[in-house]
Amino acid sequence: MKILGIDFGKKKVGVAWAETDTGLSEPLGVFPILVFFQRLKENKIGFDLEEIEKIIIGKTGGKIDKEIEKFAEQVRKITLKPIFFYDETLTSQEAQKNLTFSGLGKKKRKKREDALSAALMLQYYLESQG
């Protein structure tokens with residue numbers, strides 16, 4: 001089964017996935033919010049939504065958490081999958097650091113940052129589950 005990881009932003013979301021068998025997460029992409037919801041509705045997120053066991057959405061413990069909860073409820077209504085929250089504090093900074101060391105140009109790094117942040121958050125979630 002697969003787990004979907006989401007790094008919420010007001011304008012765009014980073015998406016990652018992991019196989020529960022391997023315990024490894026992988027960035028999937030960054031989507032403007034409206035495009036993300038359209039792809040969820042059309043089951044075009046990168047694999048069949050039936051394969052998803054649960055969805056992990058990052059929270060920071062900050063002011064944006066109320067918006068994240070509203071977003072999560074919309075995702076749950078579309079996918080009918082259980083939603084869990086996991087602390088994503090500092091994953092964006094770690095993603096930026098990793099991408100900087102990768103040698104990619106600033107524009108390409110910016111395009112991938114949110115997806116890598118989602119993958120890092122999902123990886124930490126998996127590791128916390130043993």
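Here are some questions and answers on how the labels for this predicted model come about.

Q: What makes Ile83 count as buried or exposed?
A: Ile83 has 19% relative accessibility, and the cut-off for buried is under 20%, so Ile83 counts as buried. Ile83 sits in strand β5, residues 83–87. Setting aside neighbours within four places in sequence, Ile83 touches Ile55, Ile57, Ala72, Val75 and Arg76.

Q: Why is Leu80 called exposed, while Asn43 is called partly exposed?
A: Leu80 comes in at 69%, and exposed means over 50%, so Leu80 is exposed. Asn43 has 33%, which falls between the 20% and 50% limits, so Asn43 is partly exposed.

Q: What makes the phi values of Leu80 and Asn43 worth a look?
A: Most residues other than glycine have a negative phi. Leu80, not a glycine, has a positive phi of about 60°, and Asn43, also a residue other than glycine, has a phi near 60°. Both are in loops: Leu80 in the one between α2 and β5, Asn43 in the one between α1 and β4.

Q: How do you know that Glu42 and Lys44 form a salt bridge?
A: The N to O distance is 4.0 Å, and the criterion is a side-chain nitrogen of Lys or Arg within 4 Å of a carboxyl oxygen of Asp or Glu. The pair is listed as a salt bridge. Glu42 is partly exposed at 41%, and Lys44 is exposed at 53%.

Q: What does the salt bridge between Lys59 and Glu69 tie together?
A: Here the N to O distance is 2.6 Å, and the limit is 4 Å, so the pair qualifies as a salt bridge. Lys59 belongs to strand β4 and Glu69 to helix α2, so the pair links parts that are 10 residues apart in sequence. Lys59 is buried, at 17%, whereas Glu69 is partly exposed, at 33%.

Q: What about Glu73 and Arg76, and where do they lie?
A: Their closest N and O atoms are 2.5 Å apart, giving a salt bridge. Both are in helix α2, 3 residues apart, about one turn of the helix. Elsewhere, salt bridges with shared partners join Lys2, Glu19 and Glu51 into one network. The whole structure has 6 salt bridges.

Q: Why does buried Asp7 have no salt bridge?
A: The nearest side chain of opposite charge, Lys12, is 8.5 Å away, and a salt bridge needs 4 Å or less, so Asp7 has none. The Asp7 side chain does make a polar contact with the side chain of Ser117, at 3.3 Å, and the cut-off there is 3.5 Å. Asp7 is in strand β1, residues 2–7.

Q: Which residues make the most contacts inside the largest nonpolar core?
A: Ile6, Val13, Phe36, Ile55, Ile57, Phe71 and Val75 do, in a core of 22 residues. The elements giving two or more residues to this core are β1, β2, α1, β4 and α2. A second, separate core of 10 residues includes Ala18, Met121, Leu122 and Leu126.

Q: What pattern does the chain follow, and how many helices and strands does it have?
A: The protein chain reads β-β-β-α-β-α-β-α-α along the sequence, with 4 helices and 5 strands. Buried residues make up 43% of its 130 residues.

Technical notes: Residues numbered from 1 in each chain as written. Predicted model: local features only at pLDDT ≥ 70, side-chain atom pairs only at ≥ 80, totals over all residues. Heavy atoms only, no water. Buried < 20%, exposed > 50% of the residue type's maximum accessible area, 1.4 Å probe, protein only. Lys, Arg positive; Asp, Glu negative; His and termini not counted. Polar contact = N/O pair within 3.5 Å; in protein donor to acceptor, adjacent residues only side chain to side chain. Core = buried A, V, L, I, M, F, W, Y, C linked by side-chain atoms within 4.5 Å. Contact = heavy atoms within 4.5 Å.
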